[in-house]
Structure formats: C-alpha cells, structure tokens
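I hope they are handy to keep open beside the viewer.

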Amino acid sequence: MRKIIAFLFVLPFFGLAQNNSGEIHGDFDLSLQTYNEDESIGALAADEVILNNAYFNLLYTKGKFTVGVRYESYLNALKDFDPRYNGNGIPYRFAQYNNDGLEITAGSFYEQFGSGLILRSYEEKTLGIDNAMDGIRLRYSPISGVYLKTFIGRERKFFEYSKGIVRGADGEVNINDILKLTTKTKAILGGSVVSRFQNATNPNFNIPENVSAFAGRMNIISGGLNWYSEYACKINDPIGSLTENNYANGSAITSNLTYSQKGIGISLEAHRVDNMVFRADRDAVGKDLLLNYIPSISKQHAYTLVSLYPYATQPNGEAGFQIDLFYKLEKGNWIGGKYGTKLDVNFSRINALNGGPSYLSDDINHEPMLVSLKGEALYYQDFNVEITRKINRKVKIVVVLAKQSYNKDVVQQQTGYGIIESDIAVLDLTYKIKKGHSIRVELQELKTEQDDGDWSMGLAEYTISPHWFFAIQDLYNWGNKNPDKQLHYFNADVGYIKGANRFTIGYGKKREGIFCVGGVCKTVPSSNGLTLSISSSF
Amino acid sequence: MRKQILTFLVVLLTTTFSFSQNARELPNIEVKTLKGDAFNISELNNDGSPIVISFWATWCKPCKKELNNISEVYEDWQEGTGVKLVAISIDDTRSMSKVAPYINSSDWEYEVYLDPNKDLCRLLGVSTVPHTFLLNGKKEIVWQHRGYVEGDEDELYNKIVELVK
Amino acid sequence: MKNLLNLLLIVAFFGACDIVEEPFATNGGTPVDTSSPTTFIKKILVEDYSGHTCSNCPNAARELDALIDIYGEKIVPITIHVGKTYARPFHISQAPKYQYDFRTETGKSWDNLFQITNLGLPKGMINRIGVPNSTHGAEVTNWNSIVQSVASDEPDFGITISSYINGNAGSVDVNIKVLNDIQGDFNLVLCLTEDSIINWQKDVEAFPNVDVEFYIHKHVFRTSINSAWGEALQASSIYNPDEEIDKSYIINLDNLEQYNIDYSLNTLELGNGNAGGWNKNNMYVVAFIYDNTTFEIEQVEEAHLITP
C-alpha cells in the first residue's frame, strides 16, 4: 500500500519532463495556548506549559490528476480537544483522477449523501471532528442529470481506522434533465444505501455482522418555492453487549420548505429522529466513528450570550421544528429608516418522542408517534428576533432579542438542573471613525433565575483596514447566587492579516462551556493563558 | 510512520523547487446552485472581466458584513470594472435551506452557489470564512484575503481596478 | 439494460444486510473451560474505571459480571473509582447522597499514566494490553473480544497467595512460580479490594430516577500494599522454569484505611475524608505481575483476605 502511494507521488515528476503546468497549493494552521492555574475559574495548568495543534495541507494538481497530503501535529493537543489526538503524522492523503466524467479517488476522502442523514464524512477542525473515509470512491455521471457515487473504506479515528468496513452507494436523478422537460417545476430524486461489516464473536447474542441503512430523498423546486424531504432508516444495529442489546430499527425523517422572493424569505423545517446513531464500529461511543450527521433544528447563533446554552441533537430520539422569516423593511418611511431595515425572526422547538425512543423500549415493535409536540418533555425552545439597521453613513446597529428554554439535564446528560429559561438582549454597534478605521461595540445581557444566574458581556473591537484588529472583551457572571462564582472572564486580542496570512495573539480567561457547530458539540474546559494562532493559504 | 514523513518531505522539497508557479486556475469540481443543479466551478464566466469569489455562511457575521457593504457599491463596481461577485456559501445541512431566503431578503445581486461539504473549500485552501479570491480576466486567481474588517472592500476594489487598467 | 443489472447488483452488494430474527439471545454460550494440564491457568485482570455519579458505569459493571459468567475464575475484576467529575463526593448539603469517597492515591497514579478518565468513563483495561498507544483504554462492548484474544494464552508465571490476619493486622505471602524460560523485567503489585459495598450510585438503567441508594459496589479497589507500581520480582532479567520467588508483606488494615481517609481530605482532591468503614471479611488480595516496559500484565491471582 505504501509503495503505491510513494509511486503516486513520484508520478508528477514524469509530467515535469513534458511541461511544467502542475500547481502546488496548500494551507497551514497553528494554534498554540499556554495554560496557567487559576483556582477561581477552575482552570488547570498544563504540565507541558504550552499545548498546540497544527496542520499542513498540500495539494498538487496537474490536468485531471490531483494528489493531496495533510500532516497533523498534536504535541500535545489543546485542552479543548480530545486527548486521543496525540502525536504527529499523516492521517490524510489521497490521489484523484478525473476521466470523462468518471472521478476516481484512492486514499482519504470526505463524502455526503443527500443531507447527511445516512452518511456524512466531513471535517470541522474547530470541534476536532474529522471522520474522513479511507478507501476507494467513484463518482460518475453517465448522462446529464444522473449522478452516481459509490465507495468502500474504513473511517478515520484520530490516527487509526475503524474496525468496521463501510460501503455505500448513492444515486441522484434530476427528472427535468433526463426527460428534457422545461417546465417551471423541477424535481430531483435520490436514494442511498450504506452498510457496515464488522466481525462479531458474542457468545450471548446473535449480533448481525452486516448492518445496513437506507435513505430516499426528493427535492421539488417551483419558482420561489423549494421543498426538500429525506427519510433514512437503519436495520437492527445492536451494540454487541454481553448483557443487553437493542435490536430495534432506527429511522429519521427531515423536511424543509422554503419560499423566497425579493425582500422576503420564509423557511419551515421539521425533523423526527429515532434511534438513528450509525457508526463505523459498533463498540464506539460518544463522537467516535459517527457515520451520519443529524444537524440540530435550531438557529446557529453568532453572539456569545445567545449561544451560552447551545442545543445538541439527541440522535436517540427527538422531534422538532423551526420557522424562519427574513424580511426587509423598505426604506423611506419611519419604520424602514433611511436605508431600509432587515428583520430576521426565528422560532424553534424540540421535544422528546411520544412514548420514548425505540432504544429504551423493551418492546421491539414500539414505534413512537410520528408527530407529537404537546405534552412531551421539552428539550429546547428558542424565539429570537434580529434587527439590522444602518442609521447613517457612519453608524450601523444590530439588535438581537431572544427567549430560550434549555433542558440541561437531557442535553448535558446530568440530573437536577431542569429546564433553564433565559432572556437575552444584544446590541451590536459599528461606528466608522474615518476611512479605514472603525470601532465596534457589543453589549449583551442574559437574564435567568437558574443555573449560574445572570451574565453580562461587553466587547470593543477597533479595526484598521486592511491589516489590523484589536479587541477587548469581558464576560461577567454578576448574577451568580454564589458570590465566589461572580467572575469576570476578561480577554484581549490583537490580529494582523495580510492577504491570506493571519496572525492573532490573545490573552485572558475562557469560560468552561460547550462549543457547538451544527449540532455537534464539544466541551471546553476553563482556561487562563496566552493564545497564539497563525494561519496561511498559498 | 517515519517512511511516511520522509515521503512527505521528499514531495514537499522537490515539488516546491521543481515547478514554476503558473497562475492558479479554478479547480474542476462541482458545487450546487440554489435550484439544486450541479455546477462545475471552472465554468464560471465573466467574458474576460474580473471575478470575485467570496466564501461565506449565514452564521458568519463578518461575511454578511462584507457582502452587505459590497452590495451597497456593487452597481458602481460593475459599471466601473465589469466585475462579477460570486458568493459561495459553506452552510451545511443545518442552515443550507436558509441561504436562498436570506439572500432574497437582503437584496443581493450576486451569483450564489453552495458547497455544503466543503469540497471546493479544500481545493482552494479555505479553512475559515470569510475568504475572498480575486480572479483576473483569464480566470486565474491573482489575489486572496482572509477575514473582513470595515473598509476592506476598498482594498479589494483597488485590486480590481488594477486588473482592468 | 446490462448496465442497469450491474447497477442493481452493486446496490445489492452495498446493501448487504443481516436481519436477525427473535430470539436474539443465544443459549447463553457455554462457559469457557478453564481447566488446564498445569496447576496454573492464565488469569486476566479486567480493570473497570468508574465513578459513583457516572450513570453509564453500571453498564460496565454488568458487562463485567457477564464476562465472569462466561470465563469463570479466569477473570480477576477490579473497579477503580477515579476523577473529580464522576467520583468525587457531593457537598454535605446534598447528604445522604454520594457522600462516600471511593478514590485512592494509587488509582489516581494509574489514571494519570494510562489517561483513562480523559477517554471518558466508563472505560476499562484488559491486562493493560495496548499501552502506550490509545487502544489500551477499551470501550465496554469491546471487552469481550479482547478477553477472547488472550483467553487461550498459556501462563508464564503461577501465583499463590496466602494471608494470615489477626484482628486488623497480619501478613500476606506471595509465592511466584516461573513456568517457562522468560527474559525481561517484571514487577509485582499487591492490592486489596473490597466486595459488596452498599452505597449510592447513578444508574441510567434505573430511569427515570437515576439515583440508586443501595447499589452493590463489587470488587472495589481499596489500596496497593506495595505502591502503585509495585516492586521488581528479582534483580536479574533471566527467569528459569521451576524457579520460585517468595515475597512477604506485613499489613495493618487500620493504617491502610487511615491512609485513604487522609488522602481524601487532601484539598486538591475535593474529597471529604469519608473513605473508611472497611469490612475486612469482604476483602480480597489481588496480586499481579506486569512487564516493566510494556505494562502488560502477565499473570494475576486473587484470594480472600480472610478465609470465609
């Protein structure tokens, strides 16, 4: 295997003899942090004093041929990353060839079938998620409007690979293209199958060695309307315990309907998930070796206090919906103001399945109700309004108001906290001092009677285009019922950006919390120290 | 492990010194349009005028700021230089369906595409957003910039103007 | 048409699916035959890293019980409570819940080296195989296959334990018999565990109320008599068959108990000193020999501290 890779790397040199039209590109990222002991916030020092993550991506393309390599280094990994990211090496390397519509990839690759409900192999570096597949993948479009993909491989787990072998196939058909229709309405249909093979030698149970999941999707587009639906199901996937196994099937259904025209956009989304965790290794737990991706049906917030209690999808069972309204109030009148005002309204609500999820039920034929919103345990609710308005040539403001309910027991797998109700307000003001110089001020407030109580946050950011930014911020837990815990989390950052190079240095305290992207979360321990980050693309 | 590192270093050293860097072209990969069709990014066309490609996401504040600020002067830019701005959203399934409604309510006149699993991002070295590229009339990438602060659009416009001189 | 057929075949291949019909359980499996031509059998140390507020950890304990059902005396189990997150006692205001401190200094030393808590509890180690790469911390559902892979190994050492306790003090003698030609550096660790401690435990299976007041904590690790890393078996690294090594230790249960209580009062550990109340009649001596370079355990033996 190694010889083949070495050969693939040598191949480009033969091309050099003929014409040197190959290209090398890449990107680089280094994050370094020092950890000091800070008893007040519960921050622990690091024995190594400095912890750092780094990676270096290198891509070579020549005509239809591409080769890529990534070197990753964790010596040792930052505290908010999984400590199994340890050491350094090349966990990602691939060779790809594109020939008359047939694309062949050998080595590491990322892939998504449909919306990811059945398969999504992706990377999210800030979360430490990288479940690239390692194997062979083929993508082919035999005629215009038909797209086929198949692959076989093992999934990445830190610097190793899963025990299970995963294979999958996906087909998508654009009905209008193949039938040569020119109607206003378009339809796209798709179907996927993914299966895992893993040896089982369980003396107490009959564990299936091949476990499959199937999915079907459709997308109908007509003018400003867009309707997407996907259904996925997984056939018996017991974990292989000696004492207790769940043979129930799993299923998930997601649907979204959006309408947009000039000045207004509406989005309605709903999903219902039941026992749909699918992994490349039946023994894995937590975030290890996940094969599919079920995003949380709540808004991804950008402001700190609005995302203090972020929701994570409960793949074992939940039902939820979300409504978004994007509206532009026309300029000219007192509501819209001189330049127009943008209004974004969002509401989402997720609760438990009626009767509980399949995996907890002793009855294998238990099927939780398809839709049941009233009276079920609330997991999360979020109602928020974001108003963006340019006041005059120098001033722009953004105001966010939110009301959230967060079931800490369920989302963080704890007991005794209950549902945390919070009200949040944010004011974000940008003032242009002169050409190229501007200052941005953020004031945020969170009020709650539970958990840690009220929080305030203040941020001031001074930017000098095109190279510099300076920021200071403070997060203050003034409402904590325990006077010893009424802490300040103060931070200062300086950054220099030139073209595709970015350098930032920061110093301060970080709050212990949860950081989520897309509904997948990681816990971040509290820390006190210096942060240095360097990134570049070439 | 050592062999892998050695191979990597050999590739790095020899290829860096062996090849003359030609201007970078757009890779041959497909992104999605807002109507669900596949679109090969190398087929982007602006009839010999410059193209700006900006990677953004609906949850990225500076990205939205950049694209909003440029939309205020976009007409002037187009008249002066013929430039076209292509906005590529990296929103994944969680927020991908909201891209079209968001754009329409923002009155953006850009060409918009979707790259939900970051396939195009990986080929262009985009790891964070916003990340903006400038292509000349021959569709070669001649300049790129990470991040956005108020006023960066002026630097971008200066670079565009240099191309059409 | 031919393409369509090929396509269907490919889809069928990818969609390979085993559908298991009821009953799912097999006939419980036959217990593994642990008889052996020699007097000594290779025993396997299964360490279960746990905590009383870790609601998933009783699943690991039940899995360990199932392993003992299958492999019988081949398995020597210990449960080690570690970490501030899942094992520290609750504040006095929460009494009577979770007031006990099961943690030990040795347990912490092991956890620091093997980094088990950082992997997330529950986790276990089977004969400490796989150190120092990350595979040594094993997921619960993986324990069975790891035990299977070493179950038929022949032992290199044979351990016999004898203890003489009078009141709360006495001695423990360990006799090690070398069974094969072996080369290497090996250490002996001598531990005490206590079975059937009744106290609080969070258990996800007790849903909806996960607090179990009278949980039976089995084979809980209490202390190591000769420090976390033990002592060398002998100076030389050459072992000859039939060679015998004798080690003898004087122990005082009151002192050992007090040591744990003092350790729990150490402020950095956020303990409360509530680590006493040992019941010597439920205690076992666990002796294991490990390879100094790989940490892999070569042989382990278990015996009652006080003969019932």
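1. A word on terms to begin with: two residues are in contact if their C-beta atoms, placed from the backbone, lie within 7 Å. Helices (H or I, at least four residues) and strands (E, at least two) are DSSP runs, numbered from the N terminus. With that in hand, look at α2(C) and α5(C): C:E63, C:L67 and C:Y71 in α2(C) are in contact with C:W143, C:N144, C:V147 and C:A151 in α5(C). Sorted by class, this contact has five nonpolar, one polar and one charged residues. Here Ala, Val, Leu, Ile, Met, Phe, Trp, Tyr, Cys and Pro count as nonpolar, Asp, Glu, Lys and Arg as charged, and the others, Gly among them, as polar.

2. Before going further, please note that this is a predicted model, in which local features need pLDDT of at least 70 and side-chain atom pairs count only at pLDDT 80 or more, while totals for chains, interfaces and linings use all residues. Residues are numbered from 1 along each chain as its sequence is written, and chains are lettered from A and ligands numbered from 1 in the order in which they are written.

3. Back to the helix pair. The axes of α2(C) and α5(C) are 11 Å apart, and the packing angle is about 30°. That angle makes α2(C) roughly parallel to α5(C); angles under 35 degrees count as roughly parallel, over 145 as roughly antiparallel, 65 to 115 as roughly perpendicular and the rest as oblique. Axes are lines fitted to C-alpha atoms, for helices over the stretch in contact, and angles run from 0 to 180 degrees between N-to-C directions. The crossing of α2(C) and α5(C) is right-handed, that is, the near helix is turned clockwise from the far one by less than a right angle.

4. How many residues does each chain bring to the contact of chain C with chain A? Chain C gives 31 residues and chain A gives 35 residues. On the side of chain C, the elements that give two or more residues are α1 (2-14), α2 (57-71) and α5 (143-151). With five residues, α2(C) gives the most to that side. By class, the side of chain C that touches chain A has 14 nonpolar, 13 polar and four charged residues.

5. Now chain C as a whole, with its six helices and 15 strands. Of its 308 residues, 40% count as buried, where buried means that 20 or more other C-beta atoms lie within 10 Å of the residue's own, C-beta atoms being placed from the backbone. Among contacts in chain C between residues at least 6 apart in sequence, 70% join residues at least 24 apart.

6. Strand β7 (residues 186-194) of chain C deserves a look: eight of its nine residues are buried, so the strand is largely enclosed by the rest of the structure. Nine bridges join β7(C) to β14 (residues 283-291) of chain C in the antiparallel sense, with C:T193 opposite C:Y284. β7(C) also runs antiparallel to β10 (residues 220-224) of chain C, over four bridges; there C:L192 has C:T223 as its bridge partner. Two strands pair if DSSP finds at least two bridges between them.

7. Another part of chain C is an open sheet of three strands in the order β4-β5-β13, with antiparallel pairing. β4 (157-166) and β13 (244-252) of chain C are the edges with a single partner strand each, so one side of each has no neighbour in the sheet. β5 (residues 169-178) of chain C pairs with β13(C) over nine bridges, and C:K177 stands opposite C:E244. Helix α6 (residues 253-265) of chain C lies across β5 and β13 of chain C, at about 75° to β13(C).

8. Chain B has an open sheet of eight strands in the order β1-β8-β7-β4-β5-β6-β2-β3, with mixed pairing. Its edge strands are β1 (24-25) and β3 (38-40) of chain B. Inside the order, β4 (residues 51-56) and β5 (residues 84-89) of chain B run parallel and are joined by six bridges; B:F55 stands opposite B:I88.

9. Finally, is helix α4 (residues 99-106) of chain B mostly covered or mostly open? Mostly covered: eight of its eight residues are buried, among them B:Y102 and B:I103. The helix is followed by B:D107, which has a positive phi, near 60°.

Key: Buried ≥ 20, exposed ≤ 12 C-beta atoms within 10 Å, placed from the backbone.
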